[in-house]
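Hi,

Here is the structure I promised to pass on. Have a look at it, and then read my notes below.

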Amino acid sequence: MVEINRSGMNDYSVYGGVQHLPALLGEALRSVKGRLIQKEPSTLNRSLVQNYFENAKEDERSEGMIAAQSPLYEPLIISALQELRPMFDEFNEKHTIKILDYGCGTGQLYEHVNDLFQHFDYIGYDVDRKLTRKNIIKFSHITNSEIVSNLEHTECVNVIFAINLLCYLNEVEVIELFTQCNDLFDDLETNALVIIDPMPTWIWETRFSGIELCLRTPQRIKCIAESQGFSSKKTIKAHCTRLFGHNFISYAHCAIMVKSNQSLAKGREHNDHRTDA
């Protein structure tokens, strides 16, 4: 059971429980092993990480990593979706919420969205082409879902989730991600960008030697997001539990962002100008 502790209007914590400790320790051991045998990319960028996942042996591929990590993110995913519900109260069966799962992995997000929202369309996208082919089969019978291998023909969406994604990107690619998200939002619609990433600690995600840990702090992500026209609506941090009045092992955080008023105004001005032309 997820325990939620609200410590402020824009910042609060969720406690997943000490059952997360084995998964965290397992992830730390995998990271150390990966560093010792030096199979991982020596520098960090999207194409190298994609190549690493696609060429790894079947039993070492991303499905195993995702399966181990997925339960750790559940408290943050559920809390984020609960925060989003009031934003989309006006949506109904005639106006469905379009949700993009950017870096969808095995598509775990769909189940959580399905529990809380009635009328939505789900789009799953991942750079791992092998995993994408599996997801196409897995979701083939679900009418309100679509699995894509690129976003070139994707129409505007309302919500974008990026779960366990930024930690595999360098700073240039993080900025490109925000730019792409901006392009995928309709300025006249309600929109939200949800980023869930591991905290930059020794116990988590040290497998890539070129990782830029400073990119993964909530403060740094917020700074980059604001420079790209987003404003922070809510920050949620996940901890294993609370002992003696203190949070015990911070392992992940969630940032819920919306396009800033200035960005919205610019978008409407651009649309008006285009209409006049």
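Let's start with the strands. Strand β2 (residues 11-15) and β8 run parallel, with 5 bridges joining them. Val14, for instance, has Ala238 in β8 as its bridge partner. Strands and helices here are DSSP runs, numbered from the N terminus: E and at least two residues for strands, H or I and at least four for helices. Two strands pair if DSSP finds at least two bridges between them.

Before I go on, a word on the source: this is a predicted model, where local features need pLDDT of at least 70 and side-chain atom pairs count only at pLDDT 80 or more, while totals for chains, interfaces and linings use all residues. Residues are numbered from 1 along each chain as its sequence is written, and side-chain values use heavy atoms, with hydrogens and water left out.

Back to β8. It is also joined to β9, antiparallel this time, by 12 bridges. β8 and β9 make a hairpin with 2 residues between them, and Phe244 in the turn has a positive phi of about 50 degrees. The loop that holds Phe244 sits between β8 (230-243) and β9 (246-259).

Is Phe244 buried or exposed? It counts as exposed, because its relative accessibility is 80%. (Buried means under 20% relative accessible area, exposed over 50%, partly exposed in between, with a 1.4 Å probe and protein chains only.) Together with Leu243 and Phe248, Phe244 makes a nonpolar surface patch of about 340 Å². Such a patch takes residues with over 30% relative accessible area and no salt bridge, joining nonpolar side chains (Val, Leu, Ile, Met, Phe, Trp, Tyr) within 5 Å and like charges within 9 Å. A salt bridge here is a side-chain nitrogen of Lys or Arg within 4 Å of a carboxyl oxygen of Asp or Glu. The areas come from the Shrake-Rupley method with a 1.4 Å probe.

At the other end of β9, Ser260 lies in the loop between β9 and α8 (261-276). Ser260 counts as buried, because its relative accessibility is 17%. The C-alpha atoms of Ser260 and Ser231 are separated by 5.1 Å, although the two are 29 residues apart along the chain.

Now the aromatic rings. There are 7 aromatic pairs, counting rings of Phe, Tyr and Trp (its six-membered ring) with centres within 6.5 Å; planes under 30 degrees apart are stacked, over 60 edge-to-face and the rest tilted. One of them is Tyr102 with Tyr125, edge-to-face at 5.1 Å centre to centre and 80 degrees between the planes. Tyr102 is in strand β3 (residues 97-102) and Tyr125 in strand β4 (residues 120-125), so this pair ties together parts 23 residues apart in sequence. Tyr102 is buried at 3% relative accessibility, and Tyr125 is buried too, at 10%.

Tyr110 and Phe120 make a tilted pair, because their centres are 5.4 Å apart and their planes at 55 degrees. Tyr110 comes from helix α4 (residues 108-116) and Phe120 from strand β4. Tyr110, Phe120, Tyr122 and Phe139 form one aromatic cluster.

Last, how many disulfides are there? The count is 0, with a disulfide taken as a pair of cysteine sulfur atoms within 2.5 Å. Cys104 is buried at 7%, while Cys156 is partly exposed at 36%.

Cheers
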